Amino acid sequence: MAESEATDVLLGGRYRVGAVIGTGGLSTVHRARDEALGRDVAIKWLTAPLPARSNQDAELAILTGLDHHNLITVLDAGTHTDSAGREVRYIVMPLVRGMNLQERLHGSRIAARNIAEIGYDLAEALEYIHAQGVVHRDVKPSNILLVDYGNDAARARAKLTDFGIAVARGAERATADGTTTGTAAYLSPEQASGEPVGPPTDVYAAGLVLLQCFTRTIEFPGTVVESAMARLSRQPRIPDYLPERWRVLLTSMTARDPRDRPSGRELVSALRQVALAETGRHKESQAFFPSDEESAMGKPIPNEALHRATAMAARLFESPISVVSVHDDGRTWVVSHYGDEVEHLVRQVDLTGPQAPRDEPYIIEDALTHPELSESSLVKPPIGLRFYAGVPLIGSDGRTAGTLSVADFAVHSVSADQLRNLEDLAALIVAQLELRDDNPRTL
């Protein structure tokens with residue numbers, strides 16, 4: 001069905017279809033209005049050709065039988081006949097607020113605590129579907145939604161979606177040409193070899209997803225053949241800078257032999273322990289810059305524009321570190337950008353800690369000559385920060401809401417033009433912050 005034809009259609013006498021908000025290989029997602037209940041929903045058009053109709057039926061059968069807080073569930077389903085007389089299937093789902101993990105990975109780094117929380121939510125979802133006899137078979141960042149409920153929750157919640165190639169107990173799934181299904185970069189070794197798959201396949205893919213959250217690179221890139229050959233010839237490379245608990249967990253999740261991987265239940269238990277350990281480390285640390293994407297009591301990252309503005313501040317000063325910290329009703333949350341050259345350092349040192357916002361720009365061109373900072377652990381080796389520049393984030397009400405800051409390990413001189421540009425970026429960031437609650441999305 002053409003996008004123009006789908007828009008403003010009334011489905012089932014109640015769903016008024018709106019603009020496209022997401023697309024995939026075999027489906028298109030529109031925003032819609034449930035006129036019967038007066039709420040916004042998402043309509044997923046199943047646009048696959050007729051040979052894939054059995055797959056659509058299978059997805060509907062699987063989805064309607066699943067109900068878990070870490071899954072995107074089905075509210076309704078039906079068929080629609082378009083102007084050409086073709087019958088098109090659709091699924092009605094909740095309209096969620098947030099972004100998918102793939103989009104989030106295009107931004108600044110994700111703190112280890114938040115990765116553990118994402119992993120825990122994903123593990124709970126996998127434990128549940130595996131207990132129902134379902135294997136997802138396409139766990140990847142774009143199929144993991146980071147949902148903001150808009151209630152000042154401590155964090156976004158990860159939800160697993162898109163069961164288009166899932167397999168239920170006792171069922172077999174094959175493509176028209178007999179090839180494997182799934183996304184090349186996240187296939188398990190047994191998928192890449194064309195062998196039968198089970199719950200360990202999802203655990204393997206989840207391990208690659210969590211690894212990518214740390215490294216911000218796809219471990220097995222390339223075409224289906226290139227990606228498959230790479231995973232069959234070597235194990236995923238687990239960075240040495242990760243804490244031992246992460247190295248052990250990711251190694252077990254991505255074990256070559258499916259029998260060596262943890263079950264869904266074991267994965268839930270392991271990630272619960274890792275999340276608790278990371279949360280404890282976060283709360284106990286004291287330092288100068290915040291490193292987490294949100295504080296323990298903060299709000300989820302609003303949107304990609306803030307990540308871009310934060311990275312632009314770093315480029316303005318040719319500095320590897322930039323941070324937006326926002327203080328809101330006694331809470332603090334941050335957006336941070338770290339250059340690849342200091343990624344290993346930031347991974348090893350927790351730079352979390354509140355800092356009261358200043359009402360005026362604050363410049364330290366060389367921290368070693370600053371009487372109050374020269375003995376700081378952040379200025380001394382092995383960290384060795386030397387430069388800091390911060391400007392206030394001033395809201396439309398005139399209040400200082402936070403700080404946009406940059407830092408470097410080298411000494412800098414700040415020109416008047418650089419300072420004005422940094423203040424202009426701060427003004428753009430404030431504009432984004434004041435719009436942050438006006439963009440509900442579905443993914």
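Axes here are lines fitted to C-alpha atoms, for helices over the stretch in contact, and angles run from 0 to 180 degrees between N-to-C directions. With that in hand, take helix 6 and helix 8: their axes come within 8 Å and cross at roughly 140°. This is a predicted model, where local features need pLDDT of at least 70, side-chain atom pairs count only at pLDDT 80 or more, and totals for chains, interfaces and linings use all residues. Residues are numbered from 1 along each chain as its sequence is written, and side-chain values use heavy atoms, with hydrogens and water left out.

**Helix 6 with helix 8**

- Helices (H or I, at least four residues) and strands (E, at least two) are DSSP runs, numbered from the N terminus.
- The angle makes helix 6 oblique to helix 8; under 35 degrees counts as roughly parallel, over 145 as roughly antiparallel, 65 to 115 as roughly perpendicular and the rest as oblique.
- The crossing of this pair is left-handed, meaning the near helix is turned anticlockwise from the far one by less than a right angle, while clockwise is right-handed.
- On the helix 6 side, Val203, Tyr204, Ala206, Gly207, Leu210, Leu211 and Phe214 meet Trp246, Leu250 and Met253 of helix 8, with contact meaning heavy atoms within 4.5 Å.
- Those contact residues divide into 9 nonpolar, 1 polar and no charged; Ala, Val, Leu, Ile, Met, Phe, Trp, Tyr, Cys and Pro count as nonpolar, Asp, Glu, Lys and Arg as charged, and the others, Gly among them, as polar.

**Helix 6 with helix 4**

- Helix 4 (residues 112-131) packs against helix 6 (residues 199-215) at an angle of about 170°, and the axes are 11 Å apart.
- That makes helix 4 roughly antiparallel to helix 6.
- Helix 4 goes past helix 6 in a right-handed crossing.
- Among the residues making the contact are Ile115, Leu122 and His130 of helix 4 and Asp202, Leu210 and Phe214 of helix 6.
- This contact has 11 nonpolar residues, 2 polar and 1 charged.

**Aromatic pairs**

- Rings of Phe, Tyr and Trp (its six-membered ring) pair if their centres lie within 6.5 Å; planes under 30 degrees apart are stacked, over 60 edge-to-face and the rest tilted.
- The count by this rule comes to 4 aromatic pairs.
- Phe214 and Trp246 have ring centres 4.8 Å apart and planes at 75°, so they are edge-to-face.
- Phe214 in helix 6 and Trp246 in helix 8 (residues 244-253) are 32 residues apart, so to speak linking distant parts of the chain.
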